[in-house]
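Good morning, colleagues. Please look at the structure on the screen while I go through a few of its local features.

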Amino acid sequence: MKGRRVVIVGAGMAGVAAAIKLREAGFDDLAVYEKGSSIGGTWRENTYPGVACDVPSHLYSYSFAPNPDWSHVFAPGPEIRDYLERVATERGVAGLVSFGDEVTSLERVDGRWRLTTARGGRDEADVVIAATGVLHHPNLPDMPGLETFAGPAFHSARWDHAVPLPGARVGVVGTGSSAVQITTALAGTVGELVLFQRTAQWVLPVPNHPIPDEEKLRLRTDPLAIPARREELSKTFTEGFANAVVDAGSPQMKLLEELCRANLEDNVSDPELRRKLTPPYRAACKRLIVSPNFYQAIQHPCARLVTESIERVEPEGVRTADGRLHQLDVLVLATGFRVDRFIRPVRVVGTGGAELEAMWSPRPWAYLSVSVPSMPNLYLLNGPNGPVGNFSLIDVAELQIDYVLPLVDLALSKGAEVCATFEAAQRFEAERVEAAKKTIWVTGCRSWYLDDRGVPAAWPWTMDRFREVMAEPRLDDFEVTPC
Ligand code: NAP
């Protein structure tokens, strides 16, 4: 029998926002399934030293839950996790979450979604919101001998806090945002920090100041202060970054490149080290690193950059192609994530037995990144090919939730089955692939933004266009009962 039940999969930033907005819109037959033991998603999983957000705090917060108490311009990870938990509790949605309850399959049966969970639970829902995150399946490197390493070895998103670090020789593999934050946090606090770089990165030096108490007081007491701050940050971020990366020839993009180059030249005087740290591609082609002190950290007397490729891991450390053994006590794999998984490994079977796994082979796709044909009343937040590398993902998720709400209402108030048409999804994909040719992401680098064809798996237009498109669903692009 059909009802009005909505299930959200995932209690990270997007899932919490979805639960709050759905409740506020009057949908109160609501459940949230979360595989982890607490709220927070990426901010629960990433606890490595130095973890922080490189989107300004007042922008990386919900529009409906301003926080005058952010400690820094860029908030540390634990503070963001606490914020998400606090908002979920205050808004009364924390109690909706079933923790440690991983959804393993979603199957369309008699016009509803039938869910099963790893611990044997069953549920049915009329609408499912997949808020399952993007960056949470660790990409473990295929390094020969890794299993022979005598000391602790772990991925950056699986930090082992039981391992003592003072005095230890710590190797970090990778030079992405995680590795850079780990390096800046550990250089000078451990015995030796050895950074294994496969590809150099451009680094944008944005300072991260503590927010003074008087400023927090002003943000708390002046009701217009936080909205004004958000507006200002959003404008700067949109014009200076989000719009720049989708137009490789833009003056803003050139400015970003100049700032990165000046950062390197001003802060690394040793010509050999500077050569090693100079990327052979344009800034922001790979995900831009934001760090005010990476170059200082890597030049710390107890830090060392290794650019020879890794040949194998041995019990005592890492052997590089020049034959040298780098002796280590701890090995950190800051090697990124499998970014094309999205809702999977959940088995999703839609109308007529359509399997998402098969539909998404060789790569995931979705109409406007939220709806998949044959998957009625299933919506993806921060799904495939959205603005994952352009903007604050909180803002993106909120826009997507607001976009989805009228479609949810249509499904629940009319018992309708709603999903994007194949034509609309194909048209969107074709336009997206064409537009991606102008972006910085295709200017000659290897990055996780690129799919198996080398096409950026991202939103290739401006944020203004994203806001416009998300303002209201075009019902012509949807099939409504039956899908
Ligand atoms: P990442 O950007 O994917 O970086 C992975 C690093 O590991 C790269 O330097 C890569 O080298 C290296 N690597 C991978 N496999 C390797 C191998 N087999 N041998 C040697 N090196 C290898 O991962 P991440 O740093 O975890 O960041 C992922 C994303 O998370 C970021 O892009 C960002 O969107 C997000 N993030 C955000 C923040 C934040 O402050 N908001 C912080 C951390 C992460 P190549 O470059 O040569 O491939």
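Helices here are DSSP runs of H or I with at least four residues, and strands are runs of E with at least two, numbered from the N terminus. The model is predicted, so local features need pLDDT of at least 70 and side-chain atom pairs count only at pLDDT 80 or more, while totals for chains, interfaces and linings use all residues. Residues are numbered from 1 along each chain as its sequence is written, and side-chain values use heavy atoms, with hydrogens and water left out.

I begin with R427, which is found in helix α12, residues 422-435. R427 is partly exposed, at a relative accessible area of 35%; that class lies between buried, under 20%, and exposed, over 50%, with a 1.4 Å probe and protein chains only. Which residues does R427 touch, not counting those up to four places away in sequence? They are R474 and D477, where contact means heavy atoms within 4.5 Å. Between R427 and D477, which are 50 residues apart along the chain, the C-alpha separation is 10.0 Å.

I turn now to the backbone. Most residues other than glycine have a negative phi, and most peptide bonds are trans. A284, however, has a positive phi of about 75°; this residue is in the loop between α8 (271-277) and β12 (289-290) and counts as buried at 4% relative accessibility. Finally, a cis peptide bond joins R344 and P345, with omega about 15°, and another joins S361 and P362, with omega about 10°.
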